[in-house]
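Here is a brief report on helix packing and pocket geometry. Please look over the model first.

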Amino acid sequence: MAHLNEQEGSIVSHCPGCRGGRSTFEWKVDGRSIGAHERREEDRHWRDCIISYRLFKCAGCGMGAFGVIKFGGGGNYPGSYNRLLKFFPESKQRLSIPRSVPQGIITEFREAETCLESQCIRAAAGLIRSVLDKTLRANGYKTKQEPNLYKQIEAAAEDGVITQARKRRAHDEIRVLGNDVLHDDWHEIPEEDVEAARHYCQRILEDFYDDRESVLTLLREAGRIPEEDREVDAEG
């Protein structure tokens with residue numbers, strides 16, 4: 001969550017332009033304010049209360065941002081006391097993903113995170129389901145015997161690649177939620193449900209790719225053909 005530096009008036013937040021890294025957003029450049037509009041507001045608790053609609057700039061990547069700050073106590077921004085009311089855009093802390101995850105799956109996972117940050121909740125749920133689908137497909141679980149995501153999740157658990165507990169989470173937190181978006185009539189989805197799906201999807205990626213060589217052994221023993229083996233077959 002964005003945090004206001006009460007003394008300096010800058011804002012510390014995770015920056016989308018810095019790939020979710022934590023950064024300082026400054027309100028002035030070369031000693032001059034980037035831009036702001038301020039109006040006075042009556043407040044029985046705050047003396048000389050002002051609402052400031054202010055532009056900010058990421059000190060890392062230079063990305064622009066917008067904040068609404070309430071301050072008082074007389075004088076200029078940031079005043080003697082203050083409070084951050086709104087800040088946009090604010091990135092969530094990006095979850096770590098094993099390096100061996102295929103780039104296309106990484107990109108789709110990051111796109112889901114971007115949707116969630118932008119309050120595109122249903123879009124994020126659909127993309128997280130898609131990440132799970134593509135992960136299972138990349139590991140040999142898209143077959144005539146296992147044509148749908150339900151059977152693929154079950155098979156991955158039977159092969160020992162994911163645990164029974166993870167299987168339940170994959171069904172309940174990711175597959176069912178994504179199916180609601182893809183197949184049911186429009187309805188609002190709680191953000192916390194999609195946040196849970198994001199975390200469990202990350203853990204499933206770790207199950208498949210954190211110790212990749214061990215997983216490849218399990219897959220081959222189970223008769224699966226992961227992407228790595230398909231590339232070898234194609235070259236042969």
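## Model basis

This is a predicted model, where local features need pLDDT of at least 70, side-chain atom pairs count only at pLDDT 80 or more, and totals for chains, interfaces and linings use all residues. Residues are numbered from 1 along each chain as its sequence is written, and side-chain values use heavy atoms, without hydrogens and water.

## H1 against H2

Helix H1 (residues 103–117) and helix H2 (residues 121–138) cross at roughly 165°, and their axes come within 8 Å. Axes are lines fitted to C-alpha atoms over the stretch in contact, with angles from 0 to 180 degrees between N-to-C directions. Helices are DSSP runs (H or I, at least four residues), strands likewise (E, at least two). H1 and H2 are therefore roughly antiparallel (over 145 degrees; under 35 is roughly parallel).

Contact means heavy atoms within 4.5 Å. Residues in H1 that meet H2 include Ile105, Phe109 and Leu116. The contact residues divide into twelve nonpolar, two polar and three charged.

## H2 against H5

H2 also packs with helix H5 (residues 191–209), at about 15° and with the axes 10 Å apart. This pair is therefore roughly parallel. Among the contact residues are Leu132 of H2 and Phe208 of H5. By class, the contact has 15 nonpolar, one polar and two charged residues.

## Largest pocket

The largest pocket holds about 240 Å³ of space. Of its 13 lining residues, Glu90, Ser91, Lys92, Glu117 and Gln119 are the closest to its centre. Strand E9 (81–88) and H1 each supply at least two lining residues. A pocket is an open set of points on a 1 Å grid where a 1.4 Å probe fits, with protein on both sides within 12 Å along at least five of seven lines; lining residues have an atom within 4 Å of a point.

Key
Angles under 35 degrees count as roughly parallel, over 145 as roughly antiparallel, 65 to 115 as roughly perpendicular and the rest as oblique. Ala, Val, Leu, Ile, Met, Phe, Trp, Tyr, Cys and Pro count as nonpolar, Asp, Glu, Lys and Arg as charged, and the others, Gly among them, as polar. Grid points are joined across faces, edges and corners, and a volume is the space filled by probe spheres set on the points.
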